[in-house]
Amino acid sequence: MTNPDIRSLITSKSRPKVTPRDTSLSLKRSLEVEEEAAASTEISDADNSAQINGEPQELQRLQAELDNLPQVGKRLAVHLEQGIRADLLRLCESEEITPETFIEAAIALLQSKPELKEAVVADAKVRLRTRKRAGLVKRTMALVQKYSS
């Protein structure tokens, strides 16, 4: 059995033709989705009328409220031990919160309790030394494998 090259397969006239899509179906679907989203929004009638009318007072009130809420910073990639990561995700899922908000609350609690903060920082330093040792061992193993062959 011979293996034809990819170019001959692509340029072959024997390939079946694909029928063009009916784009009206996707348009109908997007309209349905928009209608569902509009029906399920939890914006009050006052907020809705303010958005429609564009009332400056309502916009200023909403802006003032937004200014009083905490601002979210840039994303932070955090690498966790596998077991701890699984525990965190399970806890957050059961409590219906995000890992980010859990970490924010934990840090806020630590800032208010200095003795607990000291214990957590001491544990973090031990974990850091362990991670550094693991990294050193991995690098050493890689070098040994590279130069032993």
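Trainee: Which helix gives the largest share of the lining of the largest pocket?

Mentor: This is a predicted model, and its largest pocket holds about 850 Å³ of space. Of the 17 residues that line this pocket, the closest to its centre include Val120, Ala124 and Arg127. Helix H5 (82–95), H6 and helix H7 (114–148) each supply at least two residues of the lining. The largest share, eight residues, comes from H7.

Trainee: How many nonpolar residues does the lining of the largest pocket have?

Mentor: Leu80, Ile84, Val120 and Ala124 are among the lining residues closest to the centre of the largest pocket, and each of these residue types counts as nonpolar. Divided by class, the lining has no polar residues and five charged ones. The number of nonpolar residues is twelve.

Trainee: Which helix gives the most to the lining of the second largest pocket?

Mentor: The second largest pocket has a volume of about 720 Å³. Its lining is made up of 19 residues, and Leu76, Val78, Pro99, Glu100 and Ile103 lie nearest its centre. H5 and H6 each supply at least two residues of this lining. The helix that gives the most, with five residues, is H6.

Trainee: How many polar residues are in the lining of the second largest pocket?

Mentor: The lining of the second largest pocket includes eleven nonpolar residues. Another five of its residues are charged. The polar residues number three.

Trainee: What accessible area does the nonpolar patch on the surface have?

Mentor: The patch is formed by Leu91, Ile97, Phe102, Ile103 and Ile107. Its largest share, three residues, comes from helix H6 (residues 99–112). Together, the residues of the patch have an accessible area of about 370 Å².

Trainee: Why can phenylalanine 102 count as partly exposed?

Mentor: Phenylalanine 102 is found in helix H6, and it is one of the residues of the nonpolar patch. A residue is buried under 20% relative accessible area and exposed over 50%, with partly exposed in between. Phenylalanine 102 falls in that middle class because its relative accessible area is 31%.

Trainee: Which residue forms a salt bridge with glutamate 81?

Mentor: Glutamate 81 lies in the loop between H4 and H5, and its partner lies in helix H7. The closest N and O atoms of the pair are 2.9 Å apart, and a salt bridge requires such atoms to be within 4 Å. The partner is arginine 127.

Trainee: How many residues apart in sequence are the parts that glutamate 81 and arginine 127 tie together?

Mentor: Glutamate 81 forms a salt bridge with arginine 127. Glutamate 81 belongs to the loop between H4 and H5, whereas arginine 127 belongs to helix H7, so their pairing ties together separate parts of the chain. In sequence, these parts are 46 residues apart.

Trainee: In which helix do glutamate 65 and arginine 61 both lie?

Mentor: The side chains of glutamate 65 and arginine 61 meet in a salt bridge, with an N to O distance of 3.7 Å. Glutamate 65 is partly exposed, with a relative accessible area of 40%, and arginine 61 is partly exposed with a relative accessible area of 40%. The two residues are four residues apart, about one turn of the helix. Both lie in helix H4 (residues 56–68).

Trainee: Why are aspartate 87 and arginine 90 separated by about one helical turn?

Mentor: Aspartate 87 forms a salt bridge with arginine 90, and the closest N and O atoms are 3.3 Å apart. Aspartate 87 is partly exposed at a relative accessible area of 46%, and arginine 90 is partly exposed at 49%. The separation is about one helical turn because the two are three residues apart in helix H5.

Trainee: Which residues do salt bridges that share partners join into one network?

Mentor: The structure holds five salt bridges. One of them brings together the side chains of glutamate 65 and arginine 61. The network joined through shared partners consists of Glu58, Arg61 and Glu65.

Trainee: What percentage of the residues of the chain count as buried?

Mentor: The chain has seven helices and zero strands. Its accessible surface comes to about 14,300 Å², of which 58% belongs to carbon and sulfur atoms. To count as buried, a residue must have under 20% relative accessible area. Of the 149 residues of the chain, the buried share is 3%.

Note on methods
Residues are numbered from 1 along each chain as its sequence is written. This is a predicted model: local features need pLDDT of at least 70, side-chain atom pairs count only at pLDDT 80 or more; totals for chains, interfaces and linings use all residues. Side-chain values use heavy atoms; hydrogens and water are left out. Patches are made of residues with over 30% relative accessible area and no salt bridge: like charges are joined within 9 Å, nonpolar side chains (Val, Leu, Ile, Met, Phe, Trp, Tyr) within 5 Å. Accessible areas come from the Shrake-Rupley method with a 1.4 Å probe; for residues, only the protein chains shown count as cover. Buried means under 20% relative accessible area, exposed over 50%, partly exposed in between (1.4 Å probe, protein chains only). On a 1 Å grid over the protein atoms alone, a cavity is a set of points where a 1.4 Å probe fits but cannot get out, and a pocket is an open set with protein on both sides within 12 Å along at least five of seven lines; lining residues have an atom within 4 Å of a point. Grid points are joined across faces, edges and corners, and a volume is the space filled by probe spheres set on the points.
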